[in-house]
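Visitor: I am new to this structure and would like a guided look at it. May I ask questions as we go along?

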Amino acid sequence: MTLRRAFTALTAAGVAAASLTGATPASAGGNHHPGKPLAFDRVATYPVFQNRPAGEDPTSPTVAEISAVSEDGRTLVYTDALGRRIGFLDISRADKPRGLGTLSLSQLGDAEDEPTSVAVVGRYVLVVVNTSRSYTEPSGRLDVVELVTRKRVRSFDLGGQPDSIAISKDHRYAAIAIENERDEEATPPGGEEGDLPQLPGGFVQIVDLAGANPAGWRVRP
């Protein structure tokens with residue numbers, strides 16, 4: 001199995017690494033296409049509580065939710081919203097994932113900051129962070145962290161509560177969905193509990209990834 005064929009899938013209990021394999025017509029429900037991988041075989045599972053910081057209360061909750069993989073296929077980065085951090089795994093051996101520790105968002109901002117998504121571009125990890133104090137005053141930021149050193153090299157104000165991030169295939173842009181999550185207990189005029197519209201509305205932030213140096217990157221709604 002090559003690294004480029006490695007695929008990682010996350011569960012709430014841990015991180016499972018899987019490889020793409022060929023499927024038989026029976027296992028593929030009769031929709032077999034010769035030469036195309038159609039099935040996933042789990043090759044390993046990594047419980048993310050094993051990657052918690054030393055000395056942390058072993059009963060504190062952890063979760064693996066959103067993940068991204070470095071361009072060389074050797075490092076996986078995942079969000080742990082319950083632990084208010086991102087985690088790192090060595091997946092150079094997909095059948096033997098190894099914990100590489102975590103980066104607490106309290107070191108980059110506030111203890112209540114919550115990572116909602118993560119992506120990797122070149123040498124950098126892009127972490128979108130929810131810093132909202134209320135539904136009516138949503139806020140968030142994009143932290144750019146160097147993958148090797150785990151040092152933040154730049155941060156952008158996103159002007160709202162971010163939900164997810166995606167990178168264009170040519171690595172020229174990142175798109176960030178600013179959700180500005182609705183209050184499901186609020187009742188708008190003339191509506192029912194949890195109905196829309198609720199202000200402020202969501203939008204999309206575009207990050208121009210011009211050049212390899214984040215100093216030249218720009219954010220525009």
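Visitor: Which residue in β7 is the bridge partner of D90?
Guide: The bridge partner of D90 in β7 is R98. Please note that this is a predicted model.

Visitor: How many bridges join β6 to β7, and in which sense do they run?
Guide: There are 5 bridges joining β6 to β7, and the two strands run antiparallel.

Visitor: And what stands opposite D90 in β6?
Guide: That is T75. The pairing of β5 and β6 is antiparallel and extends over 6 bridges.

Visitor: How many residues lie between the strands in the hairpin of β5 and β6?
Guide: The hairpin of β5 and β6 has 4 residues between the strands, and R84 takes a positive phi near 55° there. R84 is a residue other than glycine with a positive phi value. Its place is the loop between β5 (75-80) and β6 (85-90).

Visitor: Is R84 buried, exposed or partly exposed?
Guide: R84 counts as partly exposed, because its relative accessibility is 23% and buried means under 20%.

Visitor: What about β6 itself: how many of its residues are buried?
Guide: In β6, 6 of the 6 residues are buried, so the strand is largely enclosed by the rest of the structure.

Visitor: Which residues are on each side of β6?
Guide: R85, G87 and L89 are on one side, while I86, F88 and D90 are on the other. Both faces of β6 are covered, as these residues are all buried.

Visitor: Let us change topic. How many salt bridges does the count come to?
Guide: The count comes to 12 salt bridges. One of them is formed by R141 with D113, where the closest N and O atoms are 2.8 Å apart.

Visitor: Where do R141 and D113 lie?
Guide: R141 lies in strand β10, and D113 is in the loop between β7 (98-104) and β8 (114-121). The pair therefore ties together parts that are 28 residues apart in sequence. Both R141 and D113 are buried.

Visitor: Which residue does R123 form a salt bridge with?
Guide: R123 forms a salt bridge with E146, and the closest N and O atoms are 2.6 Å apart. R123 lies in the loop between β8 and β9 (124-130), whereas E146 lies in strand β10, so this pair ties together parts that are 23 residues apart in sequence. E146 counts as buried, at 19% relative accessibility.

Visitor: Going back to R141, what is the N to O distance in its salt bridge with D143?
Guide: The side chains of D143 and R141 meet at 2.9 Å, N to O. D143 is buried, with a relative accessible area of 0%. R141 counts as buried because its relative accessibility is 11%.

Visitor: Which residues do salt bridges that share partners join into one network?
Guide: The network is made up of R52, E56, D80 and R85.

Visitor: I would like to return to β10. In which sense does it pair with β11?
Guide: Strand β10 (residues 140-146) pairs with strand β11 (residues 152-157) in the antiparallel sense, over 5 bridges. Within that pairing, V144 has R154 in β11 as its bridge partner.

Visitor: What is found in the turn between β10 and β11?
Guide: The two strands form a hairpin with 5 residues between them, and R150 in the turn has a positive phi of about 60°. R150 is also a residue other than glycine. With a relative accessibility of 22%, R150 counts as partly exposed.

Visitor: Now the surface, please. Which residues gather in a patch of negative charge?
Guide: The patch of negative charge on the surface is formed by E65, D163, E179 and E181. Among them, E65 is found in the loop between β3 (39-47) and β4 (67-69). E65 is partly exposed, with a relative accessible area of 45%.

Visitor: One last item: where is the place of A212?
Guide: A212 is in the loop between β14 (203-208) and β15 (218-220). A212 is exposed, because its relative accessible area is 67% and exposed means over 50%.

Visitor: How far apart are A212 and R123 in sequence and in space?
Guide: A212 and R123 are 89 residues apart in sequence, and their separation in space is 8.6 Å, C-alpha to C-alpha. R123 is also the salt-bridge partner of E146.

Definitions and conventions
Residues numbered from 1 in each chain as written. Predicted model: local features only at pLDDT ≥ 70, side-chain atom pairs only at ≥ 80, totals over all residues. Heavy atoms only, no water. Patch = residues over 30% accessible without salt bridge, like charges linked within 9 Å, V, L, I, M, F, W, Y side chains within 5 Å. Areas by Shrake-Rupley, 256 points an atom, 1.4 Å probe, with all protein chains shown as cover. Salt bridge = Lys/Arg side-chain N within 4 Å of Asp/Glu carboxyl O. Lys, Arg positive; Asp, Glu negative; His and termini not counted. Charge placed at Lys NZ, Arg CZ, Asp CG, Glu CD. Buried < 20%, exposed > 50% of the residue type's maximum accessible area, 1.4 Å probe, protein only. Pairing = 2+ DSSP bridges.
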